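Q: May we go through this structure together, one feature at a time? Please give the general idea first and then the case at hand.

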Amino acid sequence: MKKSFLILLCCCAVACSKKLEVDTPDFNVSLDPARLVADTFTYRLGDTTRFKFNGTVGNITFYSGEPGKRYDGRAAAYKLGHITLSFSSKAQYGSQTNTLQVLATNKLAGLDSAAVVNAAWTDISNRGTLATGTTEVPFDTADLTDLLANENDSLFIAFKYSGVTGSTQRTWTITQFAVNNVLPEKTVSLSSFSTDVAYWTRYGNVWNPASGRWTASATDLKITGGDAAAATNTSWVVTKPLYAGRVPGDVSTGIKSINEPDKAEYAYAYPAAGVYKATFVAFNHTLDEERRVIREFIIKVIP
């Protein structure tokens with residue numbers, strides 16, 4: 001009796017520890033053979049590329065081969081291209097001059113007021129054009145790469161406002177703000193109003209009324225100057241740390257999940273002429289294991 005119990009116990013232990021195995025996907029993809037020249041399938045701009053599927057698989061993802069959608073670029077990395085700043089500005093009311101500075105630094109010890117004021121800022125106001133009146137003026141695209149040590153460095157951008165008592169102070173509005181890491185294969189957004197509205201930090205000696213300090217929205221930064229009797233006002237607004245060389249991995253499009261039936265094809269229209277490596281990743285998985293197959297095609301789109 002005791003021996004039988006031990007045998008049963010051993011069998012249960014083996015069964016409970018058994019790895020959940022998975023089958024290698026049975027999955028193939030084909031294209032119209034009439035489009036094939038050497039190893040490249042050729043289409044005209046506006047054509048629909050129809051990838052025909054055969055087999056059974058749980059999950060399928062697709063990398064089109066466009067910038068930001070390349071299988072070879074799926075891993076995150078650090079790579080420094082050209083770090084660019086662009087925005088537009090306009091100035092309203094009054095005639096005070098030199099009331100706005102655009103500053104940048106890669107060395108900021110903290111985000112308290114003392115650290116900000118005492119940081120080694122580089123004045124980059126002259127790397128573009130600031131408005132002198134109510135007409136919105138593009139700053140142009142300024143290259144800030146020289147301010148960074150390497151791809152692991154960070155960057156801070158600040159707008160510093162100065163208004164002086166005794167005459168009407170200027171009101172400034174900043175729009176279309178963007179900081180990008182421009183690489184040969186793609187452009188990585190480091191900051192924009194729409195993504196970073198909650199991450200601007202403000203400092204100033206005048207906090208009443210609230211319009212006397214920078215306000216951030218999803219579309220602009222704005223500071224409203226006071227009248228001639230208003231106190232002298234120095235006000236800063238600073239970006240979050242921008243990790244200049246951080247490049248997120250390229251992304252795929254989900255074509256099929258395990259909860260969906262098998263698909264016969266996937267249709268895709270490339271938006272621009274060029275040569276692309278289209279990649280399908282088909283995979284089955286459990287909690288313990290994943291098995292995948294990769295199918296790749298060179299696609300040439302001509303005007």
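This is a predicted model: local features need pLDDT of at least 70, side-chain atom pairs count only at pLDDT 80 or more; totals for chains, interfaces and linings use all residues.

Q: How many nonpolar, polar and charged residues are in the lining of the largest cavity?

A: The lining of the largest cavity has 4 nonpolar, 1 polar and 3 charged residues. For these classes, Ala, Val, Leu, Ile, Met, Phe, Trp, Tyr, Cys and Pro count as nonpolar, Asp, Glu, Lys and Arg as charged, and the others, Gly among them, as polar. The lining residues are Phe 27, Phe 53, Gly 55, Val 57, Ile 60, Lys 256, Asp 262 and Lys 263.

Q: What is the volume of the largest cavity?

A: Rolling a probe the size of a water molecule over the atoms shows where empty space is left. A cavity is a set of points, on a 1 Å grid over the protein atoms alone, where a 1.4 Å probe fits but cannot get out; lining residues have an atom within 4 Å of a point. Grid points are joined across faces, edges and corners, and the volume is the space filled by probe spheres set on the points. The count here is 1 cavity of 30 Å³ or more, and the largest cavity holds about 40 Å³.

Q: Which residues have the most contacts inside the largest nonpolar core?

A: In soluble globular proteins, nonpolar side chains tend to be buried together. A nonpolar core is a set of buried Ala, Val, Leu, Ile, Met, Phe, Trp, Tyr and Cys residues joined through side-chain atoms within 4.5 Å. Buried means under 20% relative accessible area, exposed over 50%, and partly exposed in between (1.4 Å probe, protein chains only). The largest core here has 35 residues, and Phe 87, Leu 144, Phe 159, Trp 172, Phe 177 and Trp 214 have the most contacts inside it. Among the strands that each supply at least two residues of this core are S7 (82–92) and S12 (171–182). A second, separate core of 22 residues includes Leu 31, Ile 60, Ile 255 and Ala 282.

Q: Where is Ala 267 found, and which residues does Ala 267 touch?

A: Strands (E, at least two residues) are DSSP runs, numbered from the N terminus. Ala 267 is found in strand S21 (residues 265–268). Contact means heavy atoms within 4.5 Å; leaving out residues up to four places away in sequence, Ala 267 touches Thr 48, Thr 49 and Arg 50. Between Ala 267 and Thr 49 there are 218 residues in sequence, yet 5.6 Å in space, C-alpha to C-alpha.

Q: Is Glu 289 buried or exposed?

A: Glu 289 counts as buried because its relative accessibility is 15%. Glu 289 is found in the loop between strand S22 (274–285) and strand S23 (290–302). A polar atom of the Glu 289 side chain lies 3.2 Å from the backbone nitrogen of Val 22.

Q: What is the phi of Asn 98, and where does Asn 98 lie?

A: Asn 98 is not a glycine, although its phi is positive, about 55°. Asn 98 lies in the loop between S7 and S8, and counts as exposed because its relative accessibility is 73%.

Q: Which residues does a cis peptide bond join?

A: A cis peptide bond joins Asn 208 and Pro 209, with omega about 10°. Pro 209 is in the loop between strand S14 (201–204) and strand S15 (215–216).

Methods. Residues are numbered from 1 along each chain as its sequence is written. Side-chain values use heavy atoms; hydrogens and water are left out. Helices (H or I, at least four residues) and strands (E, at least two) are DSSP runs, numbered from the N terminus. On a 1 Å grid over the protein atoms alone, a cavity is a set of points where a 1.4 Å probe fits but cannot get out, and a pocket is an open set with protein on both sides within 12 Å along at least five of seven lines; lining residues have an atom within 4 Å of a point. A polar contact is a pair of N or O atoms within 3.5 Å; within protein, one must be able to donate a hydrogen and the other to accept it, and residues adjacent in sequence count only if both atoms are side-chain atoms.
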